[in-house]
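Dear colleague,

Please find the structure that I am handing over to you below. My notes on it come directly after.

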Amino acid sequence: MADTPPRHETRSAPRAAVVDLGSNSVRLVVFEGRGRNPHAIFNEKAVLGLGRGLQSTGRLNEAAIARAKVVLGRYHAVARAMGAEPVEVMATAAARDASNGPEFVTALEACMPGVPIRILTGAEEGRLSAEGVFLGFPDADGILGDIGGGSLEVVNLAGGGIAEVASLPLGTIRLAERAGGDPARARAVAEGDLAGVPWLKEGSGRDLYLVGGAWRALAKLHIDQSGYPLSIVHHYVLPREAARTLTTSVIATPVKALERLPGVSAKRAADLPFAAVAMRRLLRATGARRVVFSANGLREGWYGRLLDPATRAEDPMLAAARELATLCSRDTDLPPALLRWTAPLFEEAPEAEGPAARRLREAACWVSDIGSRDHPDYRAEQAVLRVLRQYGAGLDHPARAFLALVVGLRYDAPESAPCLLPARQLLDPASARRATLLAAALRLAYTLSGGTPALLANTTLERRGGRLVLRLVEGTGVFVGEGLERRVESLAAAFGLQASVEVGG
């Protein structure tokens, strides 16, 4: 009889699940952990079209109701099988506006026994979406627009706080039905509704944060067509004129032609011209200087309310770097030591760093050992890809690029390595130079310490006049060899200094 393999407990982190029941689609997301950055381990969407016909009938689509019961029954089974607690359903515009919304919710309660089903008001929906955006943009300042199938929520974001909220019947399905399927007529409809929100004008010269699947599809389309080096919508930025050009193109393109474009589904294509109309009219109403896309919205806002205040207050970029280090690095005591060790290099002109640059250096110290368990021949490439594509609500694209370039060069990737090209394309020359300098310092630190804080503690770096001085404590396991000398000289040369090594007690 074969031995029974030992049973191992593979999970200890708590899970939570939310169902976003919208006018066009329904989605289940299961989050794992209670960290600063939402980590979705399951994400499934079904396009139901509950709100199709609502404008004329005042009722939810009957065929969609039947499909919704089946889908919600599955979502209930999945969430329970995955051990999620809490589980909650957030119903939005279609359910709150339809005359048969309450009876629909009663029917769903039978499909999902014990699961709370909340019909959100427009203001509640807007606030939850804003809270999700704040997870990725803690100091967001501008106007938020969250588009669904039935409604458009707009929120005035004031430096990380919520000033005003309004809900408008400008979701892609509702707008199309109100305009008789004509994007030209939709423009006037959208203009009229937006004109009734006078505080939108306060967005002039600020950012316009966009949330919602239809707008994410437009961002994805622009990423594909422009050859942008990173296929991540979250934190994707378009200057005002680029956003206007994109919307003009989509509005003018026949739906059949949109369906043939890479990454555009047939079910989504019909909504894109109306999503483009809403974006263009919102740009005009706000006078925003640029568009910033957020993958975080209502569901992440719901998740954020599960976090304790201390976790919620963490810096999301540093939290993401620490999480990655905890998963992949050898010693989580080393990054704080590296931060202190590299400080003398970046405290004097011309490298003197401000708060934002210091945050990046700290994050780089945290991710600097994440390739330690990878195959040596692919260590640099794997580490670069891991940083570029990791979860991290607060990681904008330049930050991802900076950290990826640092970690790739720290693992001795050639300057021209193909894996570094996306990072180089996303960075300005000054940022790329700073990343190169930091990578050289980290290479030296790992050569000296073997990745251990105990050995690193027996070494210090100092800028002394025109020299870079490495001081070593004699008899502690750190010594000057040929490889070390080359690294010291290389680092000093990068800073325009002469290298010097001192050994003492």
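This is a predicted model: local features need pLDDT of at least 70, side-chain atom pairs count only at pLDDT 80 or more; totals for chains, interfaces and linings use all residues.

Residues are numbered from 1 along each chain as its sequence is written, and side-chain values use heavy atoms, with hydrogens and water left out.

The annotated domain

An unreviewed UniProt entry carries the annotation "domain: Ppx/GppA phosphatase N-terminal" for residues 30-303. UniProt positions are given in the numbering used here, feature names are shortened, and annotations may be inferred rather than shown by experiment. The span is 48% helix and 19% strand, and its end C-alpha atoms lie 10 Å apart. Helices (H or I, at least four residues) and strands (E, at least two) are DSSP runs, numbered from the N terminus.

The sheet and its helices

Five strands form an open sheet in the order 3-2-1-4-5, with mixed pairing; two strands pair if DSSP finds at least two bridges between them. Strand 3 (40-47) and strand 5 (117-119) are the edge strands, each pairing on one side only. On average, neighbouring strands of this sheet are turned by 15° against each other, direction ignored. Strand 1 (residues 15-21) and strand 4 (residues 87-91) run parallel and are joined by five bridges; Val-19 stands opposite Val-89 in strand 4.

Helix 2 (residues 62-81) packs on the sheet, where it touches strand 1, strand 2, strand 3 and strand 4, and its direction makes about 175° with that of strand 3. Contact means heavy atoms within 4.5 Å. Axes are lines fitted to C-alpha atoms, for helices over the stretch in contact, and angles run from 0 to 180 degrees between N-to-C directions. Helix 4 (residues 101-111) lies across strand 1 and strand 5, at about 165° to strand 5.

A buried helix and an aspartate

Helix 16 has seven of its nine residues buried, so it is largely enclosed by the rest of the structure. Buried means under 20% relative accessible area, exposed over 50%, and partly exposed in between (1.4 Å probe, protein chains only). Leu-334 and Trp-341 are among the buried residues of helix 16. Their cover includes helix 17, helix 21 (429-449) and strand 12 (459-464).

Asp-369 is found in the loop between helix 17 and helix 18 (379-389). Asp-369 is buried, with a relative accessible area of 4%. Not counting residues up to four places away in sequence, Asp-369 touches Cys-328, Ser-329, Arg-330, Arg-410, Tyr-411 and Tyr-446. Arg-410 in turn lies over the face of Tyr-411, at 4.0 Å from the ring centre, and over the face of Tyr-446, at 3.7 Å. A charge sits over a ring if NZ of Lys or CZ of Arg is within 6 Å of the ring centre and within 35 degrees of the ring normal.

Aromatic pairs

Rings of Phe, Tyr and Trp (its six-membered ring) pair if their centres lie within 6.5 Å; planes under 30 degrees apart count as stacked, over 60 as edge-to-face and the rest as tilted. By this rule there are five aromatic pairs. One of them, Phe-31 with Tyr-303, is tilted, at 4.8 Å centre to centre and 40° between the planes. Phe-31 in strand 2 (residues 25-32) and Tyr-303 in helix 13 (residues 298-304) are 272 residues apart. Both Phe-31 and Tyr-303 are buried.

With kind regards
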